[in-house]
Amino acid sequence: MKSVEEVSVIFDGTARLGEALAIVVRFFQEGIFKPTQRLIRLEVLAKVLKGNELAQRLISCLAVEYSLGPRVVIGGMRDGASVNGTTRNVRFFYADYFDVVCFSHTIDNMGSHFKFQVLDSFTRLWIALFSHSYNAKLAWREKVGQSIRTHSNTRCWSKWEVFEQALDLFADTELFLLPA
């Protein structure tokens, strides 16, 4: 990243087991109009970062480690998780920082507003059954031969994983729901 005029930063983490933080910069190579991306940090942490801690790590990485001055970082792309939203605080150092929320996550969030009464009711009850009952999880595993996928409010794809398993194993789902 020698002598770049402007970069955007893309960052995300996962809090599944501690924290894994990835920071990528995107820029045009000097003299040619060729977009380039570089992973500049991949960090595994023992604990989940709070918003201000994440902003501090971003600034430390960009400004201190890579010497990207206040006019160089012009934007940041992120998902819609609330912890990522607080990183708008990087504007105190990067005044031109334009905050962009991931379009895929925006579409996913829009879809959550659609109303399908029967499906919504089934889903709510299905998720509740396996969220609150160890016996239900055990009964599923005994009848189907594999663990049930469970829902997580912080992972946008987890509800799809629950649906996908129920659809893939539909005959097993019906078998599980029928009285013994």
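Colleague: Is R78 buried or exposed?

Modeller: R78 is buried, at 7% relative accessible area; buried means under 20%, exposed over 50%, and partly exposed in between, with a 1.4 Å probe and protein chains only. Keep in mind that this is a predicted model, where local features need pLDDT of at least 70, side-chain atom pairs count only at pLDDT 80 or more, and totals for chains, interfaces and linings use all residues. Residues are numbered from 1 along each chain as its sequence is written, and side-chain values use heavy atoms, leaving out hydrogens and water.

Colleague: Which residue meets R78 in a salt bridge?

Modeller: A salt bridge is a side-chain nitrogen of Lys or Arg within 4 Å of a carboxyl oxygen of Asp or Glu. Here R78 pairs with D99 at 2.8 Å, N to O. R78 lies in strand 4 and D99 in strand 5 (residues 98-101), so the pair ties together parts 21 residues apart in sequence. Strands (E, at least two residues) and helices (H or I, at least four) are DSSP runs numbered from the N terminus. D99 is buried too, at 16%.

Colleague: Which residues are linked in a network of salt bridges?

Modeller: That network joins R41, E43, R57 and E65. R41 reaches E65 with N and O atoms 2.1 Å apart, and E43 at 3.4 Å. R41 is buried at 14%, whereas E65 is partly exposed at 44%.

Colleague: What should I make of the phi of S67?

Modeller: Most residues other than glycine have a negative phi. S67 is not a glycine, yet its phi is positive, about 50°. S67 sits in the loop between helix 1 and strand 4 and is exposed, at 59%.
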